[in-house]
Amino acid sequence: MIPKYQECMLPLLQYMSDNKIHSLKECVEIMSKEFHLSNEEQTKLLPSGKTTVIHHRTGWAKWHLEKIGMIKTEFRGNYRITEDGLKFLQTTPPTAERPFKEYGY
């Protein structure tokens with residue numbers, strides 16, 4: 001099942017915890033693996049037919065993480081975790097049900 005963007009936020013942040021620069025395309029591939037998406041789920045398009053659902057949801061997860069200061073844009077389409085993001089991961093259990101509750105997610 002394709003995850004909602006909120007479900008992608010913590011795994012995406014955990015993936016970025018290596019403090020390297022990651023492209024959105026790379027993050028989409030990782031989320032597809034993380035959630036064990038079938039080929040059909042990975043290629044399912046939005047009604048517009050222009051992008052895949054998982055790409056769209058990973059993009060929204062990235063956008064919300066950036067909005068709350070957990071990741072930042074290094075250059076167009078490429079992102080890195082922030083110090084706040086690293087600190088958040090140190091204090092948040094990896095299995096937290098709603099890890100971003102205090103941010104409204």
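**Ground rules.** I work with a predicted model, where local features need pLDDT of at least 70, side-chain atom pairs count only at pLDDT 80 or more, and totals for chains, interfaces and linings use all residues. Residues are numbered from 1 along each chain as its sequence is written, and side-chain values use heavy atoms, with hydrogens and water left out.

**Entry 1: H1 against H2.** I took helices (H or I, at least four residues) and strands (E, at least two) as DSSP runs, numbered from the N terminus. I looked up how H1 (residues 5-15) packs on H2 (residues 24-34). The angle is about 115 degrees, and the axes lie 10 Å apart. Axes here are lines fitted to C-alpha atoms, for helices over the stretch in contact; angles run from 0 to 180 degrees between N-to-C directions. Contact means heavy atoms within 4.5 Å. H1 brings Cys8, Pro11, Leu12 and Tyr15. H2 brings Glu26, Cys27, Ile30, Met31 and Glu34. I sorted this contact by class: seven nonpolar residues, no polar ones and two charged. Ala, Val, Leu, Ile, Met, Phe, Trp, Tyr, Cys and Pro count as nonpolar, Asp, Glu, Lys and Arg as charged, and the others, Gly among them, as polar.

**Entry 2: cysteines.** Are Cys8 and Cys27 buried or exposed? Buried means under 20% relative accessible area, exposed over 50%, partly exposed in between (1.4 Å probe, protein chains only). Cys8 counts as buried because its relative accessibility is 0%. Cys27 is buried too, at 2%. I then checked for disulfides, defined as a pair of cysteine sulfur atoms within 2.5 Å. The count is zero. The sulfur of Cys27 has its closest cysteine sulfur in Cys8, 10 Å away, so the gap is too far for a bond.

**Entry 3: strands.** Two strands pair if DSSP finds at least two bridges between them. E1 (residues 22-23) pairs antiparallel with E3 (residues 78-81) over two bridges. Ser23 faces Asn78 there. E2 (residues 71-75) also runs antiparallel to E3, joined by four bridges. Lys72 has Arg80 as its bridge partner. E2 and E3 make a hairpin with two residues between them. Gly77, in that turn, has a positive phi of about 75 degrees.

**Entry 4: Pro99.** I found Pro99 in the segment after helix H5 (83-91). Pro99 counts as buried because its relative accessibility is 16%. Leaving out residues up to four places away in sequence, Pro99 touches Leu10, Phe88 and Thr92. Its C-alpha is 9.8 Å from that of Gln6, 93 residues away along the chain.
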